[in-house]
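Here's a quick tour for anyone meeting this structure for the first time. Take a look at it, then read on for a pocket and a sheet.

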Amino acid sequence: MKLFLILFFGICTIANCQDDSLKTYTTSRLVGEAPQIDGLLNDAAWDQVPWGGGDFRQNSPDAGAPATVQTLFKILYDSKNLYIIFKNLDPDPSKIVSRMSRRDGFEGDWVEINIDSYYDKRTAFSFTSSVSGVKGDEYVSNNGDNWDASWDPIWYMKTSINAEGWIAEMRIPLSQLRFAEKPELTWGIQITRRFFRNGERSNWQYIPPNSPGWVHLFGELKGIQGIKPQKQVEIQPYVVAQTETFEKEEGNPFQTGQSSGVEFGLDAKIGITSDITLDLTVNPDFGQVEADPSQVNLTAFELFFREQRPFFIEGSNTLNFPVNDYSSNNLFYSRRIGRRPQGYVDTDESGEDDVNEYVKTNNQSTILGAVKLTGKNKKGFSWGILETVTGVERAKIDSVGIRRTQVVEPMTNYFVARAQQDINKGNTLIGGMFTATNRNIEDPRLKFLHDKAYSGGIDMTHNWKERTYYVSAKTLVSHVTGDPEAITASQQSSERYFQRPDNKHSDVDPTRKSLTGTGGTVIVGKRSGNFVFDVGYNWLSPELELNDIGFLSQTDQMRQWTWLGYRILKPVSIFRAQRYNLNQSQNWDFDLKSTSQTYSINGYAEFKNFWSLEMGTSHQRYNVSNADLRGGPSIRYSGNFYYWFWLASDSRKKFSVQVNPEWQWSENNFINSAFIGITFNYTPINALRLSVQPNIYKETNQLQYVGTSTIQGEDRYVLGEIEQAVARVSLRFTYMVTPNLSIQYWGQPFGASGKYSNFKYATNPGATEYSQRFAHIPSDGMSLNGNEYSVDENTDGTTDYSFGKPDFNFGQFRSNMVIRWEYIPGSTFFLVWTQEMNGEFFDQGGPLHRQYNFDFNQKAHNIFLLKFTYRFVL
């Protein structure tokens, strides 16, 4: 028997044999005085409960092995708060990394607790304490697939370092959690420790990194009795004082060189019941939000920009319905709310060309107010509703001192509703979403807008075999109405181009007053284990229209794909972790014409020296675009090859570098491109982080669309060879004066240039043979007069058509500096400086370090903003 025990424990040691059973921690109700949150383990209250932990296991790098350093914890509660203390043991406290960051930065050593207080095994509230005293908090949903860092609850935390390691002490008001009203509660909990210098994460309840989820595998917190859900009431008024300086334009009463103003508004969060929370905003201000990066768009499609406004970011996972998993298409795109006015201004209405008229239009539509309701009950039913109203936007027009206004955006109501129901202990999820946009269009000049736009969808996910395998399906429908002008514009828009001469399934009907379309996705996959995969099919019908409140780049698509992945999440040889995948996809339009076939292979490896390498290559056998000729026939492109890699040094070091080059080349040499991006990160002291990210992109494309002209009553689609260069340098620094006082700067010089030559026109753009798709315009048949080309195709001395010189040269510098001070939890002071300068960008050739030059020759547009908020907690 003794020999048997020796052999058994020996085998377990070699194999990291551990107890994987469900862990529990039993807490107690606080008796007497509450612990003081000072980061010191010196309160008698903590003697009322035992230590938990001490047996943490690694999640990475050596999955399942005992943690290099152990973590202990205690949990207490009373009728208003949850109290938690962590003892993070460390054999060498002098090496603890106390890097600072803004909230949710997760720098250095940290410890966190995830609390599934709903006990629905899908959602959780996460509270993170870095050793430097910086807070992190996230709302976890979709069983750990979505972590929303925009959630900023009010809670309290302090830390200290001692001879044993470091202490983190927390007080979490129960008003920040959601739970059912029961005599006795069981909550899911998970505790994670980051041991920074080893690049190690360990868990209390061990969850293998290749598990099919996160929250449903938590341990349990027991012993909570007699507490009631707390109604949360937080009201946050604000005042903003703003001054702008800009280029003065003589004679223009709207461009005087300076403007100032003061505005007031209100944000609130109210717990209507224990299951329902209301968020509202009146006249919201987003002046402290970072500007969008500069872009040049030569495609027919709209660019997607991420949401950065706090009201719309928080809880955005609740109001999310992606159309597919490989693009930004979604039923709800919050940046439609408060968008730039869409109307145009008619100047010189008098018909007198010599009359100077000046126009002033707001860059964004005014959001009068927004209300967001979210809720989840103990039966697993969750829902969210967003109701928003934007006001009538009027452009101001001045004509020799006579003022008038013109409506450029009607009053609009946006409504979004999302609901989901857990079934079968969370193994099945059924949901739906509905959106509505209603515009009050009174001005006939706005008849090009839809007056009503509705969309809706239902989705379902079912998991089986302990959530290892899953099937997911969704379907959606849209319906828009409006004046025939609006519906005709939709039929002819870049999303669908019904007018294409080779479009056999859709025609432009100028009498239509509505448009109805559908879409959907079906996926079957495996998400657990070393081998994972998914196989799917997606369709977007030609009539689908989501862009009144959603995002949709292109319709008339069907897509099939297969994705196979293999991962090794334990150290092997020189690797800490490895991931490899193969991809195949094919697209068709609704004429059942194959529009592309693509194959790719990618791999990722993290090495034991903490460097990382990721690389991949893809081959597209061909590509057919239904949009690139802007309503003309489809154009076929030859096959192309794409290769990239990403190499990163050890991010734990004070100085780290990432390099990301990409190359693309094609058959027939019709397109060649190269990109190089480099990121330098430097942390000279724990409170300061610097980042510089230069990147350069160069492309030569022989078939870039230039414009459409008419010759003898027929459309002529003009193409040109473009040599394009894009360069930008993103600069960012963050200095933390204290965990609650930060100075952050972001700046980006950006430049783009395009030079066109070798003009041609499409003849048979869908031809299999590359040379048959176009004909060259003879050089002696073109003449440049100022900024316009005149074309004489048959060189008979008569101009057949003309088009504008398409060359471009653009430089822009955008920057944003924010001083943020959270002087008490939830109440903040902002001081903001935003600047934009425009000018030129030169691609001069020669050595790379001398090749490009920026010239921001226009006067800067500066915005200085002071914002003060105070949060009342009732």
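The lining of the second largest pocket splits into nine nonpolar, eight polar and 10 charged residues (Ala, Val, Leu, Ile, Met, Phe, Trp, Tyr, Cys and Pro count as nonpolar, Asp, Glu, Lys and Arg as charged, and the others, Gly among them, as polar). Keep in mind that this is a predicted model: local features need pLDDT of at least 70, side-chain atom pairs count only at pLDDT 80 or more, and totals for chains, interfaces and linings use all residues. Residues are numbered from 1 along each chain as its sequence is written, and side-chain values use heavy atoms, with hydrogens and water left out.

**The pocket**
- A pocket here is an open set of points on a 1 Å grid over the protein atoms alone, where a 1.4 Å probe fits, with protein on both sides within 12 Å along at least five of seven lines; lining residues have an atom within 4 Å of a point.
- The second largest pocket has 27 lining residues, and Tyr119, Asp120, Lys121, Lys425 and Arg467 lie nearest its centre.
- Strand E13 (184-195) and strand E24 (411-423) are the elements giving two or more residues to that lining (strands are DSSP runs of at least two residues, numbered from the N terminus).
- E13 provides the largest share, four residues.

**The sheet**
- Three strands form an open sheet in the order E42-E43-E44, with antiparallel pairing (two strands pair if DSSP finds at least two bridges between them).
- At the edges sit strand E42 (782-785) and strand E44 (801-804), each pairing on one side only.
- Strand E43 (residues 788-791) is joined to E44 by four bridges, and Ser790 stands opposite Ser802 in E44.
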